[in-house]
Amino acid sequence: MPRQGSWSVYIHFPWCLKRCAYCDFATAVSLHIPREAYLQAILTELQMRTHDLQPAPIATVYFGGGTPSLWGPEPVGQVLSWLDRWGGLAQGAEITLEANPGAAEEGNLRGYLAAGINRISLGVQALDDRRLALLDRVHDAAAARKTLALLGQWVASGQLISASADLLYGAPDQDQLRLSADVDGVLGHGLPHLSAYALTVEEGTPLATRVERGLQTPPDDDLQMTMLSQMPALVGKHGLERYEVSNFAKPGHRSRHNLVYWTGGHYLAAGVGAHGFLPSDQGEFRYGNTRQHREYLGALGPDRASSLVLPEVLREHVTPQMRLPELLLTGLRLDDGLDLRTVERDCGSAGLHELLRRVELAKSRGFELETQGHFLRVAATATERLDAVIRELA
Ligand SMILES: C[S@@+](CC[C@H](N)C(=O)[O-])C[C@H]1O[C@@H](n2cnc3c(N)ncnc32)[C@H](O)[C@@H]1O
Ligand code: SF4
């Protein structure tokens, strides 16, 4: 039985129109997307993974990618119908689709709403054509503004329960003024949620090659830290507040799905490169699927040659010793902090006592930690030192 009494489900859709210069995610670029075969494979995986699970209402579903807005409303609706038949979509369930401007023109988005999507997360990344081109994004700023305006209207009229946009900060040629313009440009349309990520240079990406060859300047760590510390004030003008290091929301608009990850909840995941965290009779385990779409379809798709086997590249039992670093890593990024009752539940009272001992030691060494009720928090002024705090306590 899920300990939340309800399930959260992540579905990964790996295809994109073009690979962005910085992206290291499980993605595939193709104009010929096997939409129907992928739907069959996802439904087969869900069938296999839920075999040993107790059905319970599904509180959140998240279609991530890749670019799941390229899949089409029909397969997305079929996945939702399957989930509804299995555990039932809970009343007021949060059902998110990641969409890219350009891949998400109005008619298509309306189709997703009809299929059951009630929250859209739009990959804007920047509202500046030069920077979008440097990042190799498919869309331009005008396309992003058009979709943002639509999402703002749909939230205001209640056609969506919420909407979010992703922005990258610290990209080449972005200064603090341009960050402020991007934030105002996105939130000016009335979006109640924003995710802002520091651009990182991932090994093996075209961006990494350009940086190695001196064709592009790498992001400046100090500038990114400054930008991070400015975010609460920039979003505050629009009525949003930070609730996680990279995430900001108006009251009532925090991402319920992501909060399941960040507060140590279980979740079922399916698709290429998807990672899940589930209970079993032998204890909790994590799993991860192959990042190769051909291998995934070969194992679970309608044309598979052999008997059904989950295409996992990772399966590990999660011990109480493994849990503490994981809980610290996500919990201390939350403004509410890490719930110490979760530490006790997952690591036992011995684990909790050991953590509290380390907290006292860290405080005596100058780390700004505070406990409020059941929560352990990093002081707002010390967010920039979060990694060091986590290393100290893990
Ligand atoms: C993998 S994307 C999927 C969503 C969608 N395809 C898009 O591009 O917006 C999810 C988010 O991860 C973030 N991301 C991906 N690569 C990143 C990188 N190298 N540095 C920082 N953020 C990154 C982007 O902000 C992106 O919106
Ligand atoms: S659209 Fe998103 S997932 Fe696809 S390559 Fe670009 S950043 Fe990666």
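Analyst: Ligand 1 is surrounded by 16 residues, and the closest are Y22, F25, G123, D166 and Y197. A residue counts as near a molecule when its C-beta atom, placed from the backbone, lies within 6 Å of it. This is a predicted model: local features need pLDDT of at least 70, side-chain atom pairs count only at pLDDT 80 or more, and totals for chains, interfaces and linings use all residues. Residues are numbered from 1 along each chain as its sequence is written, while chains are lettered from A and ligands numbered from 1 in the order in which they are written.

Two elements give two or more residues to the shell of ligand 1: β6 (119-125) and β7 (162-169). Such strands are DSSP runs (E, at least two residues), helices are runs of H or I (at least four), and numbering starts at the N terminus. By class, the shell of ligand 1 holds 6 nonpolar, 7 polar and 3 charged residues. Here Ala, Val, Leu, Ile, Met, Phe, Trp, Tyr, Cys and Pro count as nonpolar, Asp, Glu, Lys and Arg as charged, and the others, Gly among them, as polar.

Now ligand 2. Around it lie C16, R19, C20, C23, F25, T27, G65, G66, T67, N100 and G123. The shell of ligand 2 has 4 nonpolar, 6 polar and 1 charged residues.

Next, the helices. α2 (residues 73-86) packs with α3 (residues 106-115) at about 15°, with axes 9 Å apart. Axes are lines fitted to C-alpha atoms, for helices over the stretch in contact, and angles run from 0 to 180 degrees between N-to-C directions. That angle makes α2 roughly parallel to α3; roughly parallel covers angles under 35 degrees. From α2, P73, V76, G77 and L80 meet G111, Y112, A114 and A115 of α3. In contact, here, puts two C-beta atoms, placed from the backbone, within 7 Å. This α2–α3 contact divides into 6 nonpolar, 2 polar and no charged residues.

α2 has another partner, α1 (residues 35-49): their axes come within 10 Å and cross at roughly 15°. That makes α1 roughly parallel to α2. R35, L39, I42, L43 and L46 of α1 make the contact with P75, Q78, V79 and W82 of α2. By class, the α1–α2 contact has 7 nonpolar, 1 polar and 1 charged residues.

How values were computed:
Parallel < 35°, antiparallel > 145°, perpendicular 65-115°, else oblique.
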